[in-house]
Structure formats: structure tokens, C-alpha cells
Amino acid sequence: MVQRQFPRPAELLELMQFKKPEFDGRKRRLDAALTIADLRTIAKRRTPQAAFDYTDGAAEGELSLTRARQAFQDVEFHPGILRPAPTVDTSVEILGGPSALPFGIAPTGFTRLMQTEGEVAGAGAAAAAGIPFTLSTLGTTSIEGVKAANPHGRNWFQLYVMRDREISYELTRRAAAAGFDTLQFTVDTPVAGARLRDKRNGFSIPPQLTLGTIVNAIPRPWWWYDFLTTPKLEFASLSTTGGTVGELLDAAMDPTISYDDLAVIRDLWPGRIVIKGVQNVEDSVRLRDAGVDGIVLSNHGGRQLDRAPIPFHLLPEVRRAVGDDFTVMIDTGIMNGADIVASVALGADFTLIGRAYLYGLMAGGRQGVDRTIAILRTEIERTMRLLGVSSLAELEPAHVTQLTRLVPVARAASDVVVR
């Protein structure tokens, strides 16, 4: 029989522990975000639809992005037991320098559109976390401005080859002069992908005020206040800013980009050079043999060719083909620290986050980017402990099974494309 008694006031007081209220609204909402998906929800609530959709969307039916995220969800981990990992080392050496975590911030264009702190917030958060920050050719903060925001950390520069080659050459020289240590030579954007959300929203750079945008702005006055009371939103490295995203890209990019352009840039660039946008094994091997310092397996976050290969699915085969001594990085679809752990286990030397960083930026500026990094760090450390590994070097393919949903149809030898 249950023994009952009158509650004692002292015991009740022990149970009634009230949480101290947090009056800082930004800190309160960021502290409540436990995942990158939570940050995305906050970002969507606080950002006008056109700007949010530019970040969140992808090309055409958005199949590439959906498949990339699904590929990470279709991972089965294989933990070791009775292998204590009370502390874990998440640091890595990448491209001649250190990173405190196995990921860096990917290049993103028009970043101040999402939140006015833009690349300065990203570079500052990267500096505080001890990870690399990558500035895009289409960034809204100058090369020198990013250097000022991250004066002692690792800055990387992402380069598009423009129709006017001298623009690209001058950007390369400026990044080198500012002490950027790695160049990401991007090869997957000869023309703009069909980003249908942007077309349906009538999205342009800079944003144009229409009846629809005004109505959408009413519940988001803070975004418009920042937009209208801070320096004009424009490219820091390009003089042309008017038009839709597709028009701007098609006007600037050159579909004739080739290995000859790579040779010219390599002669201009004194640091490490990696090729971003690699999407098959054959090109990976060819680039290794050409002597570049590494590659990024990427389909541009699904924003260029829809139905493009899934980088995470390509990773094991590419690693086997290029060997262990060649740097292979990966992006597209990363939304959890476990995605990063799985990538390292299957052969990635490093990973890059794009949307995950921008969701944090839209949710809370610099503090939001800090929160993105903190969430991913916690997920990485927890996943490593649960797998029974103390360092990234202990991760291996045996820790991961890629569960398959999309199985290629067998092709006859005569159907195989020879590159």
C-alpha cells in the first residue's frame, strides 16, 4: 500500500525551481534553437519571402537538394562498444593549416541580403570558432572587409571565371595580397541554373518594392529597417548589380571556361587551389593528376543542374580512385553534425556548410552564426562519443552504411559515356 503524507513546504520549495527570465529576445530565440532545422524555422519567420526563398531554394524541381539531404538521412551508423571516449578531438589539418572543427563556412552570394551583417558576421564567427571562412566572388563584403573581420584566422576566396577575365585576375591578386590562403576555383556555373522560386517571387538584386513585398514586409519591420538604414546592398567585387539573379549570372559567367583558364589562375595564385563543383570520378582523377591541391565534391547546393549527382554518394568511390593523399572536401545537404561525421568516415578530409550558416545568420546575425557552429559542434562531439571514437582520424568506412533509395539502372558498355 502506498504511504502518503502531507507535502512539506521545504520539499515543495526544492521542486519549484523557476528559470531566470531572459529579456534579450535574440538570445532567447537562439537558445531555444536545438537544431539547424530550428534555426531555419526562425529564419523563415523573420525574413521576407523572396530573400528566404533565395537562400532556401534550389534549381527547378529542387530534386538535387532533396536527394542530397535524404542521402545523409539514409545513413546507418555502427558504433563500437566498451570504447570510452570521454573527450573527443574535433580538430583537423586541412590545406596546410588548422581547423578546430571538420567544417568551414562555404561561399555564399548576396549574403547581406539575408541579414545586414552578412559576411562580417560569418567571418567573425569563423574566427571565434577557429574554422575557415570562404568569401564568394558574388559577396557583399569586400575582400579587405572580410580580412578586417577575420584578421588572424583562415580566409579562403571562391573565384568565378568571368567573361571579362581581367576582373577574375584582379580579384585573385587582391585575395592573395590580403593574405587569403586558399582559392576555390568554381567550375559548375557556366550559366545560371533555373531557380524557379526566385522567378515566381520576382526576386532581383537589389530587392524591388512591389505591393507583394510591402505586404510581406509588414510582419518583418526589423528586416526592412536594417535594409533601409545600412549601406546599399551591392556586390563588393562587381560593378553590375541590377536584375534577376539569373540575368546577373548569365551576364557575368563565361560558358567557355576550360583547363586553360585554370592554368592562368594557378600562375597568378601563390597559395593552395581547390576545384569546387566536381561531380564525377573521372574529373576527380584528372584534377589530381593535373596537380591541384584538392577538390570539393559539390552540385552547388542543388542550385545549378537539377538531378545532378549526390556528392555524399560520390564520396567513397572518389576517395578510392584518388587515393588517401589527395584532399577531398564535400558540401551540399549538410544539416547536422552527424552528416559531417559520416562524411569524414567515408573519406572526406573536410566539409563546407552553406545554408546551415545562412539560416543562423537570418535567425540572429552574428549570434545566429555562432549558434549554428555551436549546434554542429555539439552534434559532432556527441556522435563521435556514441560511436566510440576520440578523434576524427579514428573514423573509418566501417562506421557507416549508406542505405540506398536511388539505385542506378544497369547500362550496357556501349551506353557508357567516355570523357
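Predicted model: local features only at pLDDT ≥ 70, side-chain atom pairs only at ≥ 80, totals over all residues.

Residues are numbered from 1 along each chain as its sequence is written, and side-chain values use heavy atoms, with hydrogens and water left out.

**Aromatic rings**

- The structure holds ten aromatic pairs. Rings of Phe, Tyr and Trp (its six-membered ring) pair if their centres lie within 6.5 Å; planes under 30 degrees apart are stacked, over 60 edge-to-face, and the rest tilted.
- Tryptophan 223 and phenylalanine 227 make a stacked pair, with 5.3 Å centre to centre and 15 degrees between the planes.
- Both residues of that pair lie in helix 12 (residues 221–229), four residues apart, about one turn of the helix. Helices (H or I, at least four residues) and strands (E, at least two) are DSSP runs, numbered from the N terminus.
- Tryptophan 223 counts as buried because its relative accessibility is 8%. Buried means under 20% relative accessible area, exposed over 50%, partly exposed in between (1.4 Å probe, protein chains only).
- Tyr54, Phe110 and Phe235 are linked into a cluster by ring pairs.

**Charges over rings**

- Arginine 303 places its charged end over the ring of tyrosine 54, 4.6 Å from the centre. The criterion is NZ of Lys or CZ of Arg within 6 Å of the ring centre and within 35 degrees of the ring normal.
- Arginine 46 lies over the face of tryptophan 222, 4.4 Å from the ring centre.

**Contact from a loop**

- Asparagine 280 sits in the loop between strand 8 and helix 15. It is buried because its relative accessibility is 12%.
- A polar side-chain atom of asparagine 280 lies 2.6 Å from the backbone nitrogen of aspartate 283.

**Positive phi**

- Glutamate 60 is not a glycine, yet has a positive phi of about 50 degrees. Its place is the loop between helix 4 (49–56) and helix 5 (63–73). At 42% relative accessibility, glutamate 60 is partly exposed.
- Glutamate 62 also has a positive phi, about 60 degrees, and is not a glycine. Glutamate 62 is in the loop between helix 4 and helix 5. Glutamate 62 is buried, so its class follows from a relative accessible area of 15%.

Methods
Polar contact = N/O pair within 3.5 Å; in protein donor to acceptor, adjacent residues only side chain to side chain.
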